[in-house]
Amino acid sequence: MDLLMPSTGLLFWMTIVFLCVLAILWKWGFPAITKMVRDRQDYINGSLKKAHEANEKLANIQKEGESILQEAREKQAAVLKEAAATRDAIVAKAADEAKEKGTELINDAKAEIEQEKQQAIREIRAQVAELSVKIAEKIVREKLSSDDKQMELIDKLLDEVSVNGQSEK
């Protein structure tokens with residue numbers, strides 16, 4: 001039974017040793033352990049707080065990025081719309097200028113054609129008149145080769161002139 005029942009001396013010394021160890025632990029061990037636990041808890045809380053702040057910053061950065069991206073899209077759409085309007089204006093202006101230039105060229109060509117036509121008509125008339133005079137000269141020479149024919153023609157012309165002169169009065 002000695003094994004199950006310790007002696008009082010042993011029990012006394014075990015109690016004293018237990019109280020000494022407890023006092024030492026209470027004085028230096030537990031404060032160090034609790035300090036380490038608090039430091040660890042503070043470190044974990046600080047890390048969680050920093051992680052939360054980082055998540056908030058990331059969310060804010062994402063929101064800013066989305067707003068910047070949306071603003072960039074709006075600016076891009078405005079620039080494209082402005083470019084399209086400018087392009088349309090330039091195309092319309094070029095079409096108007098081309099139409100005006102075409103009309104001007106057509107009018108110039110028509111005027112030049114008309115001038116050339118009038119010049120050709122004048123030249124043809126001059127040639128026809130010259131040919132007519134030459135033909136008339138040849139015909140008159142043949143008809144007036146004799147003196148009788150010349151006198152007959154003169155009388156005839158004088159008669160026509162006198163008849164025309166009387167009819168005009």
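Modeller: The model is a predicted one. I start with T8, which sits in helix α1. T8 has a relative accessibility of 65%, and because the cut-off for exposed is over 50%, T8 counts as exposed. Helix α1 covers residues 8–143, and L25 is also found in helix α1. At 36% relative accessibility, L25 is partly exposed. L25 contributes to a nonpolar surface patch of about 1,100 Å².

The box filled by the C-alpha atoms, taken along the principal axes, is roughly 200 × 35 × 25 Å.

As for the chain as a whole, its secondary structure consists of two helices and zero strands. Its radius of gyration is 66 Å, whereas the globule rule gives 15 Å for 169 residues, so the chain is more spread out than a compact globule. Buried residues account for 1% of the 169 residues. The accessible surface of the chain is about 15,900 Å², and carbon and sulfur atoms hold 63% of that area. On the charge side, there are 26 positive and 30 negative side chains. The centres of these two sets are 12 Å apart.

Notes. Residues numbered from 1 in each chain as written. Predicted model: local features only at pLDDT ≥ 70, side-chain atom pairs only at ≥ 80, totals over all residues. Heavy atoms only, no water. Patch = residues over 30% accessible without salt bridge, like charges linked within 9 Å, V, L, I, M, F, W, Y side chains within 5 Å. Areas by Shrake-Rupley, 256 points an atom, 1.4 Å probe, with all protein chains shown as cover. Salt bridge = Lys/Arg side-chain N within 4 Å of Asp/Glu carboxyl O. Helix = DSSP H or I, 4+ residues; strand = E, 2+ residues; numbered from the N terminus. Buried < 20%, exposed > 50% of the residue type's maximum accessible area, 1.4 Å probe, protein only. Rg over C-alpha atoms; globule rule 2.2 N^0.38 Å. Lys, Arg positive; Asp, Glu negative; His and termini not counted. Charge placed at Lys NZ, Arg CZ, Asp CG, Glu CD.
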